[in-house]
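Dear colleague,

I am passing the structure below on to you, and after it you will find an account of what was found in it. Please read the two side by side.

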Amino acid sequence: QNYREIVSRWIASGRPYSIVGVLLRQFGRQIVTSGCFKFLSTCAMVSPFFLINAFLEWMENPHAPPSHGYLWVLGIFSASVLKAVLDGVYLFSSIRTGYQMKAALTVAVYHKSLNLSAQARSLFTTGEIVNLMQLHCQRLEIFVMVGHLLWDAIFQLIAALGVLFYLVGPSAVAAVGMVMLLGPLQKHLMALLAERRRKAATMTDKRVKMINELLQGIKIIKLYNWEASFGKLVAAIRKSEMVNLMRLAVITGGNRAVSGAAPQLIAVVLFAVYSAAFGQPMGAAKVFTALAIVLQLRLPLMFFPFAVTQLVDARLALRRLQTYLTTEEAEPYVVNHTQDHATQQATHDRKALPRGCIRVNHGTFAWSRP
């Protein structure tokens, strides 16, 4: 209800309808709140690295007091609990916002389908409208849940590399170099992935439209025995769609393989450069802390491509919802204007008509808006 009221006020203000503006007006505060919790969670992720390094250095020092070890362990435990709590609040807030956005858009699409004009209704089939209500609204819901990973993954990379600089010094440049080398490769894979997803959405709409038309004309198809011909047509569309989905799966697998192998490659290069530069082995504190940081890089490197994929799907969904929600609506059947003298006269004449009769004075009729 609030979403529809915001849409009404937006249109009444004279501004062109923008689904992004309306969604931000309704859910912007909730999205920013969940983003703040995600930022605090990432900040809580960095502190255990320093605590782990201090704990390992305490273990290497036989003369260190035991109380310091309990203090470092308590700090690591407290930081982990704090991060878990912040992650839980972030997930709850983002999932709830995603559900609310999906419900609002589903109701908006359904309400629009009841008010489409005859000309606008001919532009959309029932299958396309169902796709808008189910598929595209769900894509926006998923993007709201994972959209903060786009900036948070970059923030995590910068924070982790900063801690590496603090621990191993200039050798961390090797880790930065590996990240920069993997960046263009993942960017190319993301471009291929976005192109394939656009083609997959187009092919899905084509298949749904074809099947919807077949079901609507199934009597004629049965009458003329056209089942085999139309079956081959649907099979050809489905085959092309499956080929595109297979290529999409190959690109997605390659992207995940690169993201999964990146931390191991970064660790190998980092340790090799450190040993070659300083000519001495790394201590246990630096090794295990650096490994913890490199393993932490695995999460942003894995989830960032997924977030980019959802961004591509969300942009496509927004574009299609924008096109649908801005189509022409049917005029109301009865319009109450201010009663002037002619209207009052018509009202007076109407009372003199027999029951069940209708009189139209100066009426204008059209199939669509002229």
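Predicted model: local features only at pLDDT ≥ 70, side-chain atom pairs only at ≥ 80, totals over all residues.

**What was found**

At phenylalanine 27, helix H2 bends by about 65°. Helix H2 comprises 42 residues, and from its first C-alpha to its last it reaches 59 Å, which is close to the 62 Å expected at 1.5 Å a residue.

Turning to the packing, the largest nonpolar core has 38 residues, and those with the most contacts inside it are Leu164, Val168, Ile266 and Ile293. Two or more residues are given to this core by each of helix H2 (19-60), helix H6 (149-168), helix H7 (172-216), helix H9 (227-278) and helix H10 (284-325), and the largest share, 10 residues, comes from H6. Once its neighbours within four places in sequence are left aside, isoleucine 293 is in contact with Phe49, Ala160, Val163, Leu164 and Leu167. Apart from this core lies another, of 21 residues, and Phe27, Ala120, Ile129 and Ala314 are among them.

The aromatic rings come next, with a count of five aromatic pairs. One of these is formed by phenylalanine 39 and phenylalanine 155, which are stacked, at 5.3 Å centre to centre and with 25° between the planes. This pair links distant parts of the chain, since phenylalanine 39 lies in helix H2 and phenylalanine 155 in helix H6, 116 residues apart. Phenylalanine 39 has a relative accessible area of 37% and is therefore partly exposed, and phenylalanine 155, at 27% relative accessibility, counts as partly exposed too.

Phenylalanine 124 and tyrosine 324 have ring centres 5.0 Å apart and planes at 85°, so this pair is edge-to-face. Phenylalanine 124 and tyrosine 324 are both buried. Elsewhere, one aromatic cluster is formed by Tyr224, Trp226 and Phe230.

Finally, is histidine 136 buried or exposed? Its relative accessible area is 1%, and because buried means under 20%, histidine 136 counts as buried. Histidine 136 has its place in helix H5 (residues 126-146), and, not counting residues up to four places away in sequence, histidine 136 touches Asn131, Ala317 and Arg320.

With best regards

Terms used. Residues numbered from 1 in each chain as written. Heavy atoms only, no water. Core = buried A, V, L, I, M, F, W, Y, C linked by side-chain atoms within 4.5 Å. Buried < 20%, exposed > 50% of the residue type's maximum accessible area, 1.4 Å probe, protein only. Helix = DSSP H or I, 4+ residues; strand = E, 2+ residues; numbered from the N terminus. Contact = heavy atoms within 4.5 Å. Expected span 1.5 Å × (residues − 1). Bend = angle between axes of the 7 residues up to and from the residue. Phe/Tyr/Trp six-rings, centres within 6.5 Å; stacked < 30°, edge-to-face > 60°.
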